[in-house]
Amino acid sequence: MKQYETVIGLEVHVELATKTKIFCGCSTAFGGRPNSHTCPVCTGMPGSLPVLNRKVLEYAVAVGMATNCEITRYCKFDRKNYFYPDNPQNYQISQLYLPICRNGYVEIESEGGSRRIGIHEIHMEEDAGKLIHDEWEDCTLVDYNRSGVPLIEIVSEPDMRGAEDVIAYLEKLRLIIRYLGASDCKLQEGSMRADVNLSVREAGTDTLGTRTEMKNLSSFRSITRAIQGERDRQINLLEKGGTVIQETRRWDEAGDTSYAMRSKEDAQDYRYFPDPDLVPISISDDFLEEIRSRQPELRTEKMKRYREEYDIPDYDIEIITESRHMAEIFEAAVALGAQPKKVSNWLMGETLRLLKETGEDPEDICFSPENLAKLIDLTERKVINSTVAKEVFERMFRENVDPETFVEEMGLKMVSDQGALRSIAQEVIASNPQSVADYQNGKEKAIGFLVGQTMKAMKGKADPAGVNQLLKELLRATSESQ
Amino acid sequence: MGIAMADNITNETIDYVSILAKLELTGEEREGARRDMCRMLEYIDKMSELDTEGVEPMSHVFPLQNVFREDEVTGGDGSGDTLKNAPGERENMFLVPRTFD
Amino acid sequence: MEKSEILSLSAVGLGAAVRSGKTTAVEATEAVLEQIEEYDGEYRCYVTVDPEGALRKAALVQKRIEAGELTGPLAGVPVALKDNLCTAGMRTTCSSKMLENYVPAFSAEAVRNLERAGAVIIGKTNMDEFAMGSTTETSYFGVTKNPRNPQHVPGGSSGGSAAAVAARECFFALGSDTGGSIRQPASYCGVVGMKPTYGTVSRYGLVTYGSSLDQIGPLTGNVEDCAVVMEQIASYDRKDSTSLRREDTDFSRALVEDVKGMKIGIPQDYFREGLDPQVRAAVLKAAAVLREKGAVTEEFDLSLVEYAIPAYYTIASAEASSNLERFDGIKYGFRAGGEEGLHQMYKKTRSLGFGPEVKRRIMLGSFVLSSGYYDAYYLKALRVKAMIKEAFDRAFAKYDCILGPVAPTTAPKLDASLSDPMKMYLGDIYTISVNLAGLPAISLPCGTDSRGLPIGLHLIGDSYQEKKLLRIAYTYERTGGVV
């Protein structure tokens, strides 16, 4: 068999985090009764007209800047005409001739080091409604709540060679867009969707093979599986002397296979033309400057700065900066006086553990940096011990409780009354002669049991190290007096 | 420079365009549509006499630009108005014939 | 007041009579409803009449007038609306089977402006289906007849509105003009019709035909009414991206009888072959009247006139093919079939729901946008449009207004036009370039032909220059057409 190379380009749709739809004032919130977030504009009622949401343009330009694109200074919307029930006007307002961003790139890390994946263009468009198929009743139901939700479509160059590249590219895009706050980019929830254009060619040749487009890929797993499956399908075809047909294929997650989405009723002729109901957009230097000045520090710059400013391991820096939200918590807690390494430990340790446990994402972290700083302070001042601190943190992670108030209210402070501690410790010594004897006979470890018993009697509200020291003192005194 | 399409409108062209436009034409209508389209294009082809070299296509007569709305929610639950003219409705959704083949 | 006396008033005259207590909004509404009762069986101006709603509204308006809450010139004045203007709660059909039972949830912005002014909506007028046609014969609801001579068409597509004004079945009406659809029926019915500068009246709630060409405008009994209605319906609307912010919409201030020194260009290209000699004579006589009043007239070559129709039909059909895609049997309106699945439902619905003229334009529009033809047709037409706009710019560097005929002939007989669509399209030759260039223009009566059919005078202005047109039209109207 010949050696083949896989050539992949991606069309990534990202739902923007605006409050309202792209051309009307309907909410973009998820949920709600079917068709409750609709109005004449987003349901294509006769006589309704679109007006562009300024925020959509701002987000699109911000993403373009962060992905090294040229911003099109004079751009327009075009109509893409096709009949389908999810599209109430039977045309989608999109951009073909003058998309908002062009000729950008992002860098990904791959086996051979850092590589650029070209971005052909980014355009703004509207999302379609949702179709619910009822195979039993042989009908379809349409909900236009998602119709008109703003999207950007990021079209890459065919610069990827395998599933690893694709995942790296998507992760990079997701990171950038989340940093910008332009979208939460959740594949499973559909706020980020990738269509894969794939072709194969004999290794060493330059010409592109015929590509297919695969849709409905809603997880990294299905993207990986679909790429492998399609690559094999195309190679098999070619090996048998067949040819690849340019077509759109739908990935069937359950069946782990793809099938062609073709119908004789679909002529792929979208009759694009500039939407006469919308006016052109002319982007001024001032507008660009405004967006640029609002751009947050992106991850690469942030990592560089962390290395210079904070004495924490590189690994911590990588993890923390993976989420802008986590990085902001880190920075704010440090700014409040917490030691960087201590903050990092809480984020890298308990935070990640609990995120994993709850299946949440770093962007979902709800505790405030103030509370984290307070918690660190409480442990520093030995008001609570580390075991109690973990308990408090868990509550903070779930409900963002104020650790000071919580510790106070729940009575979790370490007992500072040395007299009380001393008498409990003496009781423990008195009631555990065997352990005392073991310890005094050189079994150092026996002290652990006594510490545990004391802590238990103190209901955990003591500093174990302090208890350890006190017990040793008392035992020394006991043995000396004997 | 004229492309004189008028003579080239075949039945296949009509069939293709009627798929795009989602119109079903009977045999007679199809021939009528072909004839009408030929005549109209013959007339429209007159534009090709005109030298438009270097002329920018004008979609909007006025140099109106940058018309935006702010990102603020207006209006509440619109489903009642949205669905009130629906030929088919179920569970607050539009009911359409099966979309899968 | 007597019914006949009420019906002899202009819209502005009626408004004044209501305000001064000589009559009431209810009386005026009753008079119009009686007139409809008596004549509309023959003329068929209306698709929908809402007597109860109108009377209820009139009573309400009357109270507010008496309470001093409504003081404007159109308070209590009955109006008819072309049936492509959305009216909340009142069906809006576009004279199509497709929307036979469609009841919008919202009203067009222009309609809301009239409601705020206290005008009383009587009903919805007949039109060519989706405003495609020049005779009002493509309506699904039957033909409207010209009240001046019921053997003839009222023109179109706003034929029902023009005929209703001519038949005194309303005091004024709104129409829409994509290629002459207000001015040509105004001309055929002997009333005044104005197409404002593109963007002056919000298109929100106007069921779109050609988005870049459509404008709503008034059809009235005289020039004063036209100016006053324009003043009420013109507004900047955030819901329409193509809406213009204008400070100069106090149109009634232009009602001045003085054209001294105004420069009027008469395009030679509008007086060539195809123009009926009687129309030609009447229009040139009107020019002479204006000269007599002190205007300076000059003949000139506008150029490119013969390219306007091809460019127009390319652009309008292309936009229409896309704008009318939403009529698919899913969300509203007519639905047919469905047993054999979605695509059959689409095709059956659209094939049975649209009439032949609409289908003809959808087919043409889909073709000119289709792969391989976009540049040669659509972009070419947009270039021709740019050149036509330039030709007007050159003319308006010299003239305050361009004067010519509205249509090559007076109203044709019923059934004489539809058999030859191309010929019908050619009838739009003087009006459509105005839409391509987004300009304002007015049509007003300037005599009749030997059969007594009205002839229209067409005045075209530069962008934003409605006031110049109104001033010239007003001055001409006051002369009674006599030198």
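At roughly what angle do the axes of helix 1 of chain B and helix 12 of chain C cross? The views below, taken from a predicted model, begin with this pair.

**View 1. Helix 1 of chain B against helix 12 of chain C.** The axes of helix 1 (residues 11-21) of chain B and helix 12 (residues 356-369) of chain C cross at roughly 100° and come within 9 Å. Angles of 65 to 115 degrees count as roughly perpendicular, and helix 1 of chain B and helix 12 of chain C are therefore roughly perpendicular to each other. From helix 1 of chain B, the residues B:Val17, B:Ser18, B:Leu20 and B:Ala21 meet C:Ile362, C:Met363, C:Ser366 and C:Phe367 of helix 12 of chain C. This contact has 6 nonpolar and 2 polar residues, and no charged ones.

**View 2. The side of chain B that touches chain A.** Here 35 residues of chain B are in contact with 41 residues of chain A. Helix 1, strand 1 (68-69), helix 3 (79-83) and strand 3 (93-97) of chain B each supply at least two residues of this side of chain B. Strand 3 of chain B gives the largest share, 5 residues. By class, the side of chain B that touches chain A has 14 nonpolar, 11 polar and 10 charged residues.

**View 3. Strand 10 of chain A beside strand 3 of chain B.** Strand 10 (residues 139-143) of chain A and strand 3 of chain B run antiparallel and are joined by 4 bridges. In one of these strands, strand 3 of chain B, B:Val96 is the bridge partner of A:Thr140.

**View 4. The open sheet of chain A.** In chain A, 9 strands form an open sheet with mixed pairing, in the order 3-7-8-11-1-12-13-14-15. Strand 3 (70-71) and strand 15 (257-260) of chain A are the edge strands, each pairing on one side only. Strand 1 (residues 4-15) and strand 12 (residues 192-202) of chain A pair in the antiparallel sense over 11 bridges. A:Glu11 stands opposite A:Asp195 in strand 12 of chain A. Helix 2 (residues 163-180) of chain A packs on the sheet, and its direction makes about 115° with that of strand 7 (101-110) of chain A. Helix 3 (residues 220-239) of chain A also packs on the sheet, making about 25° with the direction of strand 12 of chain A.

**View 5. The largest nonpolar core.** This core has 258 residues, and A:Ala60 and C:Val79 have the most contacts inside it. Helix 10 (residues 305-323) of chain C contributes the largest share, 11 residues. Leaving aside neighbours within four places in sequence, A:Ala60 is in contact with A:Ile100, A:Cys101, A:Ile122, A:Met124 and A:Ile152.

Note on methods. Residues are numbered from 1 along each chain as its sequence is written. Chains are lettered from A and ligands numbered from 1 in the order in which they are written. This is a predicted model: local features need pLDDT of at least 70, side-chain atom pairs count only at pLDDT 80 or more; totals for chains, interfaces and linings use all residues. Axes are lines fitted to C-alpha atoms, for helices over the stretch in contact, and angles run from 0 to 180 degrees between N-to-C directions. Angles under 35 degrees count as roughly parallel, over 145 as roughly antiparallel, 65 to 115 as roughly perpendicular and the rest as oblique. Two residues are in contact if their C-beta atoms, placed from the backbone, lie within 7 Å. Ala, Val, Leu, Ile, Met, Phe, Trp, Tyr, Cys and Pro count as nonpolar, Asp, Glu, Lys and Arg as charged, and the others, Gly among them, as polar. Two strands pair if DSSP finds at least two bridges between them. A nonpolar core is a set of buried Ala, Val, Leu, Ile, Met, Phe, Trp, Tyr and Cys residues joined through C-beta atoms within 7 Å. A residue is buried if 20 or more other C-beta atoms lie within 10 Å of its own, exposed if 12 or fewer, and partly exposed in between; C-beta atoms are placed from the backbone.
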